[in-house]
Amino acid sequence: MKKRIIGATLLTVVCALLLSNLVGVLMFRNREMNAARDTLQELLILMDAQSADTDADGLARQFHEAAPGKRLTIIDTDGTVLADTEANPEGLEDHNNRPEVEAASATGWGKAVRRSDTLGTSMLYVAKRFADGMIGRASMPLSSIDSLVVGSLWGFVIASLAAVLLALLLARRTANRVVAPLSAVSQTLQGVLDGTGKPGLEEYQSDDELRPILRYIDKLVERLEGYIQSITDERDKVSLILDCMSEGLILLDESGRVLAINRAARALFGFPEGDEDDGALLLTRSRRLREAILECRKKGAPVVLDVDALTEDARSLRMFLSPVGDRQYEGQAVGTSILISDITELKKAEGIRSEFTANVSHELKTPLTSIKGFTDMLSSGMVASPEDQKRFITMIGVEVDRLIDLINDILKLSELESAAIEQGTERSDALAVAQDTAALLTPAARDGGVTLSVSGLSAEVAVPQSRLKELLLNLMSNGIKYTERGGRVDTTIRLQDNQVCIAVADNGIGIPPEAQGRVFERFYRVDKGRARKNGGTGLGLAIVKHITQLYGGTVTLESEVGKGSTFTVKLPLAQ
Ligand code: ADP
């Protein structure tokens, strides 16, 4: 547009200049011709005054000297050329037929512009009838006038070039003034498309005609911005909700193609952002899911489906399929929505629970079977001697104690499991509790020939005394149980990175590497026979792990078979 404005302006200016220069040149030439005619006339008037006293040849030569460059001719009344400053009169034909001579004979004066037959060039002629009847003619070549005109042309050309330059500058300025607001409009509209457009055109310097248009565009942009903002807000709100959901959500169209999928579902299936096709592929991999989608659509009712091994890491998923009617997503009809819940942990917990129930039943059954055997033998009268009867009753007592221990540990564990993570105000001194626990276990240690020691710093942990005692009792008694006579169980308390480290180290039988990861599981025992003989329930370390977790701590184990084990519990220092 800018180019067109400049081009049109320049074309107009150039045409106007050409026209005005042409008219100017013609007028200039005309004026010069008139001036030349006047000069020739004056010359002839002077010649006329002298004509009576001087012969024709002398007259012509005299005035030719005074006005060189002019051709002077004296013609007799019969047309004979008497004198000519440019040609020999004898060789010249009758001049009465020359138009200027004819006119001068008739009216006194004659003028003509024509080609000279004698000289062969274009000439300006003026003729006068002298008082004595002869015709005097003065002429000059047109070329002398034309060379004057050509000389003046330079002035026209320079002035025209200056005018064109000026016009170019003015045209550019005008074009900029016209085009700049339009560029601003286009930039603003582009900004609206990119989402960065801001009104502000009204303040733009522009011509009066453009100002209302800019104002309207400003209003339009403002309104559009409002619409876009509200749509963006709405969309952000929805995607925030969808992305914050821990459940996966997939929308399928009526043919089962994935229309939308939220972040949780992508993460579950492990497919990349923006690649809906992968999702479609993955969904069609499960025959059960395909059937469930069909069933949901056919029945028009929700369907719940549990699927394993659909994801790469074989997670257990529960899918709630619901039919969707009359709803559109980005212009496409939605057929089914699938809400996906990761129930891997739930399934694991269910598994652990049922395994625990089986284990508990088994653990309870063993002592009960023994008790039943002993009581059967006693009641059948097979055990006759009072010593044997006493021995049997003592054995029943041992099994009952084992049962009571087992039930107590199960109760403790279930209490710990149902307790929420505690940030209680109760606190206890780890060193003092460790010393108390060691004192409690001194008889057992003495019986087992094991030396117990407690050392280190006094440090408070945010754990109730009873729970810390329970934890230490389990670790220290394990140390005593699984250490040969003459061995040691050393408990040390120290501070590390704002945490209280309680290490219970023994130089007992140790735990093989493959069992080290499992000793914290319920009912797991490395050596069942030995553990049972020692009166272990298989729940001690599970209780230790639960207590440390409940109070934001950790428990680790380092052990080597034949050298001993060190259990390290780290608990946050009470603030
Ligand atoms: P238990 O009541 O059988 O001792 P725990 O849960 O306390 O049950 O321990 C689980 C198993 O870990 C034990 O049966 C034993 O095999 C092993 N264990 C625990 N503490 C020690 C230790 N200090 N040294 C060697 N083995 C141990």
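I began with the make-up of the shell around the ligand and counted 10 nonpolar, 7 polar and 3 charged residues, with Gly placed among the polar ones and Tyr among the nonpolar ones. The model is predicted, and local features need pLDDT of at least 70, side-chain atom pairs pLDDT 80 or more, while totals for chains, interfaces and linings use all residues. Numbering runs from 1 along each chain as its sequence is written, and side-chain values use heavy atoms, without hydrogens and water.

I then looked up who surrounds the ligand and found 20 residues, each with a heavy atom within 4 Å of it; the closest are N478, Y482, D506, T537 and L541. At least two shell residues come from each of α12 (465-481), α15 (540-550) and β18 (564-572).

For polar contacts (N or O pairs within 3.5 Å), I noted that a ligand oxygen lies 2.7 Å from a side-chain N or O atom of N478, and that a polar side-chain atom of Y482 is 2.9 Å from a ligand oxygen. T537 instead uses a backbone N or O atom, 2.9 Å from an oxygen of the ligand. Of the 520 Å² that the ligand exposes when taken alone, the protein buries 98% (Shrake-Rupley, 1.4 Å probe).

Notes. A polar contact is a pair of N or O atoms within 3.5 Å; within protein, one must be able to donate a hydrogen and the other to accept it, and residues adjacent in sequence count only if both atoms are side-chain atoms. Helices (H or I, at least four residues) and strands (E, at least two) are DSSP runs, numbered from the N terminus.
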